[in-house]
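I opened my notebook to look up charged pairs. My entries follow the structure.

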Amino acid sequence: MINFPIPATDWSLLLPIAMVALTGIFALIIEMVQPKRDNGPIVAISLFGLLLAAIQLGIQFQAPETVSFAGTVRRDAFSLAMQLVIVLGSMATILFSDAYLRAKKIPFAEFYPLMLWSTVGGMLMCASTNLLVIFVGLEILSISLYVLAGISRNEAKSEESAMKYFLLGAFASGFLLFGVAQLYGATGSLDLNQISPAWQTGDVNVRTLLVFGLGLLLIGMGFKASFFPFHQWTPDVYQGAPTNVTAFMATAGKTAAFAVLYRLLEASRDLSAFWVPALGVIAALTMLYGNIVALQQTDVKRILGYSSISHAGYILVALMAHGLMPDKIGPQTVVYYALTYTFTTVGSFAVVALSARDSGESTELADLRGLLQRDPISAVSLVVFMSALIGIPPGFSGLFGKLFIFQDAVAAGLLPLALVLAVSSIVSVSYYLNIAYQAVVAPREEGSEPVRVPAPGTIQAACAVCVFVVVAAAIAITPITNLIAPK
């Protein structure tokens, strides 16, 4: 009789993910039985479930690092921190979503369980070094986002964005799967940590498979993270999708992709002679292209879309620095930047959501004019978010995030990329200041349609929460970095 051993399992590793998944199921059940006109209970249960997951993640920071489920799920400071960033970003997005969806006349309660399950996919990507589990998490994340991008069914641009995102997402998944197959062929394992041993002991055929497999994996994740030249979908999808979906897509989706790349480059240090030149060029072009093209845009969502491309380039520099020197450069920079960028971006899109109407959205720069007079809280919040994206007061957390990346790049011998980061950051000042100028200084043109007045309390609350986190992150740098530093 064949005896199949049961692998040791520590269910606490999956507890936060299970909490969010079950919350999505409960939200869907409530949606089936409650009146369609009131999504309050669903919003409440969604926020409560995410809060419980965040608390559980916080508790687990005190637990020892470990792996379970046959080595497919990992618990360390990095995985917990990145999952926590995704959960908190989801909470901030849900906070302003109901008012926005109602203003757009698309108050579909299905939005909340779909977003929760997408969050589950992102958390799963952060918690694993197993290529198959990562792919499953990626598909859970992406499939829900495909639906959410097209949830505004009466708008052609929303349907177009969903189709573009779906087609390019499927294309990226193909590259990813081919890369997984080649790495499995070279290592005989789906664990990323087997890449270096296979490189050290393998012959020329094994090393060829490893190089091509790694390249295909980087292309697949490059699509998800919006690196140049895999960024083509980003501005169109960001502009066409509902603004709350765009906020989630720009934060949770990218955070999960960065977590995978962090593990991948760390595990592929022995192949750095191949990926450093390629990723160095990609990082430089991503930073420069995103910022230069953003200068030419007049739609706020497109500007923030190109801005997100440039910030992906910034984080790629931090990922490369860690991949080259994993023993000396820890996860603090990547996690800190992901945290501040998440709340800065969600807050910015929450302000943009004020333009929502049943006939569509007015997201041109000119539509921000006069915002200070009609809604001082949102206008001041937007100024804080833009200052954080630039890296000037009062957005000190953005300054510290870029400074940390610059220091890591110099320490890892990536001085040219550090200089490109500095130059491209200077280029970005123009369009970020222009957004703040339009909201605070520029007078509104006669006859133009104003943003909704007054702003719903939930949108103001989302802005206040995001401002608090952005400011607090600058004050609490030491506690944050100590929490996620390798033990």
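I looked up Lys 164 and found a salt bridge with Glu 160, the closest N and O atoms being 3.0 Å apart. A salt bridge here is a side-chain nitrogen of Lys or Arg within 4 Å of a carboxyl oxygen of Asp or Glu. The model is predicted, so I note that local features need pLDDT of at least 70, side-chain atom pairs count only at pLDDT 80 or more, and totals for chains, interfaces and linings use all residues. Residues are numbered from 1 along each chain as its sequence is written, and side-chain values use heavy atoms, with hydrogens and water left out.

Lys 164 and Glu 160 both sit in helix α6 (residues 156–187), four residues apart, about one turn of the helix. Helices are DSSP runs (H or I, at least four residues), numbered from the N terminus.

Lys 164 is partly exposed at 27% relative accessibility, and Glu 160 is partly exposed at 42%. Partly exposed lies between buried (under 20% relative accessible area) and exposed (over 50%), with a 1.4 Å probe and protein chains only.

Next I looked up Asp 236, which forms a salt bridge with Lys 164, the closest N and O atoms being 3.0 Å apart. This pair links distant parts of the chain: Asp 236 is in helix α9 (residues 233–240) and Lys 164 in helix α6, 72 residues apart. Asp 236 is partly exposed at 28% relative accessibility.

Which residues are linked in the network of salt bridges? I wrote down Glu 160, Lys 164, Asp 236 and Arg 302. The count of salt bridges comes to six.

Notes. Helices (H or I, at least four residues) and strands (E, at least two) are DSSP runs, numbered from the N terminus.
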